[in-house]
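Colleague: I would like to learn how to read the features of a model from its geometry. Could we take them one at a time?

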Amino acid sequence: DSSVRNLRVAILSSPGMGHLIPVVVLANRLAAHHNVRVTVLQVTTAVSPPESKLLDLPLHKDLVQIIQLPPVDISHLVGPSTQVVTQLCLMVREAVPVVRSAIAAMESRPDALFVDHFGTDALPIAAELNIAKYVYVPTTAWFTALTVYCPVLDQEIEGEYVDQLEDLRIPGCKPVRPEDVVDPMLDRNDQQYDEYVRMGKQIPLSDGILFNSWEDLESKTIQALRENQALRSVVNIPVYPVGPLRRPVEPAGPTSEWISWLDRQPNESVLFVSFGSGGMLSAEQITELAWGLELSCQRFIWVVRPPTRGRVDDAFFNVGNSSDGTPNYLPEGFSTRTRDVGLLVSMWAPQIEILSHSAVGGFLSHCGWNSTLESITNGVPMIAWPLYAEQRLNATFLVEEAGVAVRPRELPTKQVVGREEIERLVRSIIEHKEGQGMRDKAKQLKMSAEDGLGRAGSSYKSMCEILSKIG
Ligand code: UDP
């Protein structure tokens with residue numbers, strides 16, 4: 001690594017903890033394993049209470065620095081119906097001048113600018129400075145392929161994607177079921193669709209794409225991105241799987257009530273139920289989930305949140321408990337009836353530590369990519385319960401390609417999943433042979449992930465290759 005010892009990279013993170021964290025994890029990896037000096041430039045915005053828990057992320061001291069850019073104001077550009085992708089892209093666009101100034105103010109010019117996929121509007125800054133430019137997509141190769149190919153689908157397909165009768169074909173890749181498209185593709189008349197198509201056109205203007213996956217996990221898609229002629233005609237740059245990159249385990253401490261509860265449970269017997277940093281369910285769905293867990297007679301830890309009413313922050317208010325401690329949005333007496341098998345955690349739990357506990361045998365998850373990686377890298381199979389963003393895509397991948405998940409017959413975003421169906425899924429993953437097969441598969445992936453990140457591994461080498469080009 002001596003040849004890359006003095007490299008310096010600036011990484012632009014789009015607004016929100018969900019985007020800052022993968023960037024910081026990438027920064028730490030570059031610093032700790034490749035001796036790169038990294039300046040993270042964060043486009044700033046308000047941080048919601050549950051997300052801010054994720055901020056306690058240790059930084060690689062000496063080499064990684066986070067600079068919060070002056071906040072940008074997009075209030076004159078948005079209305080009440082402006083979607084999240086639009087807002088993210090607008091914020092980055094408005095921040096371009098302050099990004100430029102922040103880079104100019106660095107004590108020495110960086111050797112490269114990395115942006116996440118919402119930050120492609122900042123790529124011209126790298127061209128101005130004549131430095132290398134890379135896009136980091138903190139999720140899968142499959143999502144990356146869909147994104148860069150969407151401008152072609154935009155030309156070829158008439159009408160809404162969700163109304164198509166046939167799967168959407170991406171050359172060399174697994175086709176995408178119309179109902180699985182990413183949120184910005186749900187409504188072609190919304191501005192966030194235009195932003196998404198633009199993103200798909202701008203990503204290939206960089207010098208290369210990094211994504212948070214690894215060769216063994218997505219070999220077919222990665223090969224297509226590298227070799228398929230039709231796909232290469234839209235994305236003719238190198239692609240680098242550099243993952244799985246994830247937050248380190250933060251010990252919850254010996255006093256953690258949840259960990260000591262897990263210590264008392266049999267090996268691989270507990271289902272962990274959680275929907276990411278912001279995922280929430282309808283009141284009706286929460287009721288069915290509670291009954292489904294109860295009927296399954298399996299052990300569980302459930303991170304509970306009040307039903308959706310609007311903003312995530314609303315969840316912090318107006319929560320009452322009935323006399324046995326059951327939150328008032330769960331079936332009456334639920335806590336009493338499940339006392340011996342279940343544990344309810346309000347709002348937030350130390351997920352990585354829970355998933356790495358030997359008592360955990362399954363994860364009912366919204367399939368956010370971080371949660372997915374945290375599950376796979378602990379050898380834990382999943383019940384795929386996608387809610388938003390690219391999670392339907394992730395769920396299909398986990399069930400049909402990776403073979404580490406089961407899912408409800410109907411998409412949870414389409415209709416309420418009933419209690420019997422939930423009971424069936426929970427039993428299949430914890431109790432039945434099917435679950436053991438998926439657990440074995442997840443354990444294999446855990447090992448291949450570790451191999452990929454090791455010194456002789458493909459993800460490690462991918463990073464070395466990028467750095468040798470920059471240096
Ligand atoms: N997380 C956690 N405790 C919780 C809920 C979430 O630690 O109760 C963490 C989880 O470990 C993961 C992140 O929050 O690292 C969620 O990221 P993901 O990509 O899965 O979903 P998102 O929140 O972006 O939808």
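Colleague: Where does Pro-244 lie?
Modeller: Pro-244 is in the loop between strand E7 (239-241) and helix H9 (257-263). Helices (H or I, at least four residues) and strands (E, at least two) are DSSP runs, numbered from the N terminus. This is a predicted model, in which local features need pLDDT of at least 70 and side-chain atom pairs count only at pLDDT 80 or more, while totals for chains, interfaces and linings use all residues. Residues are numbered from 1 along each chain as its sequence is written.

Colleague: What joins Gly-243 and Pro-244?
Modeller: Most residues other than glycine have a negative phi, and most peptide bonds are trans. Gly-243 and Pro-244 are joined by a cis peptide bond, with omega about 0°.

Colleague: Which phi does Asn-35 have, and where does Asn-35 lie?
Modeller: Asn-35 has a positive phi, near 60°, and is not a glycine. Its place is the loop between H1 and strand E2 (37-42). Asn-130 also has a positive phi, of about 60°, although it is not a glycine. Asn-130 sits in the loop between helix H4 (123-129) and strand E5 (132-137).

Colleague: Why does Asn-35 count as partly exposed?
Modeller: A residue is buried if 20 or more other C-beta atoms, placed from the backbone, lie within 10 Å of its own, exposed if 12 or fewer, and partly exposed in between. Asn-35 counts as partly exposed because it has 15 C-beta neighbours inside 10 Å. Asn-130 has 7 other C-beta atoms within 10 Å, so it is exposed.

Colleague: Which residues is Ala-359 in contact with, leaving aside neighbours within four places in sequence?
Modeller: Two residues are in contact if their C-beta atoms, placed from the backbone, lie within 7 Å. On that basis Ala-359 is in contact with Leu-262, Gln-265, Pro-266, Asn-267, Ser-269 and Val-270. Ala-359 and Leu-262 are 97 residues apart in sequence, yet 6.0 Å apart in space, C-alpha to C-alpha. Ala-359 belongs to the loop between H12 and strand E11 (360-365), and it is partly exposed because 19 other C-beta atoms lie within 10 Å.

Colleague: How many residues has the largest nonpolar core?
Modeller: In soluble globular proteins, nonpolar side chains tend to be buried together. A nonpolar core here is a set of buried Ala, Val, Leu, Ile, Met, Phe, Trp, Tyr and Cys residues joined through C-beta atoms within 7 Å. The largest has 139 residues, and Ile-11, Ala-27 and Ala-145 have the most contacts inside it. Helix H1 (residues 17-34) gives the most to this core, with 10 residues. Not counting residues up to four places away in sequence, Ala-145 touches Ile-170, Cys-173, Thr-221, Ala-224, Leu-225 and Leu-231.

Colleague: Which residues come nearest to the ligand?
Modeller: A residue is near a molecule if its C-beta atom, placed from the backbone, lies within 6 Å of it. Of the 17 residues around the ligand, Gly-276, Ser-277, Gly-368, Asn-370 and Ser-371 come nearest. Helix H12 (351-355) and helix H13 (369-376) each supply at least two residues of the shell, and H13 gives the largest share, four residues.

Colleague: Which residues of H5 meet H6?
Modeller: Thr-147, Val-148, Cys-150, Pro-151 and Asp-154 in H5 meet Tyr-196, Val-197, Met-199, Gly-200 and Lys-201 in H6.
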